[in-house]
Amino acid sequence: MSAPSLVERVRTVEGAMAAVSAVLLPLGLVLIVLGWYGASHSSYLFEQVPYLISGGLVGLGMVTAGGLVYFGSWIARGAAQQQRQSEEVAGLLREIRDELQARPASRAPAPSRRTSSNGSPFVATQRGSMLHRQDCAVVAGRDDLRKIGADGGGLRPCALCDPLSADASTTAS
């Protein structure tokens, strides 16, 4: 694949801004050098001031403007790249969504209500203030659990396993 030509590069906003800055920066530097050269070769102040104004200040303005335009082209290039990446991610997400919608809906098994030997469906840690199902990931593998009755013992239900709604759905069925 060959490199894009100058005309193809300038067709985008960031390309046009880069081309303008590529003209302004060197031209401004040349004007500053010419202004310095003219002012340095004159011993009279009234001859040096026009060189300072026309060469130095105008050149400085062109260099500043060229730098700002180049910075703008850099920002525009980054924004265009970010937009391309966002469109790619959105396309991938659409593909994933379409694949998931095309699959047949499988029903998740209802959570089983396991009870302990004393008939207690819920547990909590020794000093805990939250109510959990016995198969909750928060308390899985812990041996410092205490059994809580079906009333919940005034503890807050865990947001992860949601023991009270699972208990209500299994009790109702």
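Residues are numbered from 1 along each chain as its sequence is written, and side-chain values use heavy atoms, with hydrogens and water left out. Because the model is predicted, local features need pLDDT of at least 70 and side-chain atom pairs count only at pLDDT 80 or more, while totals for chains, interfaces and linings use all residues.

**Exercise 1. Describe the secondary structure and the arrangement of the strands.**

Step 1: The protein has four helices and four strands, where helices (H or I, at least four residues) and strands (E, at least two) are DSSP runs numbered from the N terminus. Along the sequence these elements follow the pattern α-α-α-β-β-β-β-α.

Step 2: The four strands form an open sheet in the order E3-E1-E2-E4, with mixed pairing; two strands pair if DSSP finds at least two bridges between them. Strand E3 (145–148) and strand E4 (156–157) are the edge strands, each pairing on one side only.

Step 3: Strand E1 (residues 122–125) and strand E2 (residues 130–133) run antiparallel and are joined by two bridges, and valine 123 stands opposite histidine 132 in E2.

**Exercise 2. Compare the span of helix H2 with its expected value, and find its buried residues.**

Step 1: Buried means under 20% relative accessible area, exposed over 50%, and partly exposed in between (1.4 Å probe, protein chains only). In H2 the buried residues are Glu14, Gly15, Ser21, Leu24, Gly28, Gly35, Gly38 and Ala39, and of the 173 residues of the protein, 24% count as buried.

**Exercise 3. Which residues form a nonpolar patch on the surface?**

Step 1: Patches are made of residues with over 30% relative accessible area and no salt bridge, like charges being joined within 9 Å and nonpolar side chains (Val, Leu, Ile, Met, Phe, Trp, Tyr) within 5 Å.

Step 2: Leu45, Val49, Leu52, Ile53, Leu57 and Leu60 form the patch, with about 570 Å² of accessible area together, computed by the Shrake-Rupley method with a 1.4 Å probe, for which only the protein chains shown count as cover for residues. Leucine 45, found in helix H3 (residues 45–102), is exposed, with a relative accessible area of 61%.

**Exercise 4. How many salt bridges does a search of the whole structure find, and how accessible are the residues in them?**

Step 1: A salt bridge is a side-chain nitrogen of Lys or Arg within 4 Å of a carboxyl oxygen of Asp or Glu, and the search finds three.

Step 2: In the pair of aspartate 98 and arginine 97, the closest N and O atoms are 3.5 Å apart; aspartate 98 is partly exposed at 41% relative accessibility, as is arginine 97 at 42%.

Step 3: Aspartate 135 and arginine 133 meet at 2.9 Å, N to O, where aspartate 135 is partly exposed at 35% but arginine 133 counts as buried at 17%.

Step 4: Arginine 142 and aspartate 144 have their closest N and O atoms 2.9 Å apart, with arginine 142 partly exposed at 40% and aspartate 144 partly exposed at 26%.

Notes. Expected span 1.5 Å × (residues − 1).
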